[in-house]
Amino acid sequence: MTHNSRVATVVPWSILMVLVILNGLVQEVSAAGECGRTPIGSAAASLSPCLGAAKNARAKVPPACCAKVNALIRTSPRCLCAVLLSPLAKQAGIMPATAISIPKRCNIRNRPAGKKCGRYTVP
């Protein structure tokens, strides 16, 4: 392989990688705004006790999940929506239509019932 053909192969891949990384950073920054100063990844990690319940509507919601969701609804309900709709949630296999039901399944009284979260409505 000649030097020119290697450069012709490496340069497009390098540009593609830079674009992918920048796209990820832009998504992270834009989503983090809904969670205040907390990065969306940290907000998502705090909801890790909810993972099973966010994937399966019949799964029992753990008390630790209910406590975390209740705290997030009190401090930043838009953050909860941003986490549910984030690329991180999609990568984790979270089903937004199922996850949006967690506040109701936890019997959280102050949940934003009727509010839209993307194309989903909080029950």
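Modeller: The side chain of Ser76 has a polar atom 3.1 Å from the backbone oxygen of Glu34. That is a polar contact (a pair of N or O atoms within 3.5 Å; within protein, one must be able to donate a hydrogen and the other to accept it, and residues adjacent in sequence count only if both atoms are side-chain atoms). This is a predicted model, in which local features need pLDDT of at least 70 and side-chain atom pairs count only at pLDDT 80 or more, while totals for chains, interfaces and linings use all residues. Residues are numbered from 1 along each chain as its sequence is written, and side-chain values use heavy atoms, with hydrogens and water left out.

Ser76 sits in the loop between α4 (63-75) and α5 (77-84); helices are DSSP runs of H or I, at least four residues, numbered from the N terminus. With a relative accessible area of 17%, Ser76 is buried, that is, under 20% (1.4 Å probe, protein chains only). Not counting residues up to four places away in sequence, Ser76 touches Glu34 and Cys35, where contact means heavy atoms within 4.5 Å.

Ser86 is found in the loop between α5 and α6 (87-91). Ser86 is buried too, at 4% relative accessibility, and its side chain reaches the backbone oxygen of Val83 at 2.8 Å.

Leaving aside neighbours within four places in sequence, Val83 is in contact with residues including Cys35, Ile40 and Leu47.

Methods
Helices (H or I, at least four residues) and strands (E, at least two) are DSSP runs, numbered from the N terminus. Buried means under 20% relative accessible area, exposed over 50%, partly exposed in between (1.4 Å probe, protein chains only).
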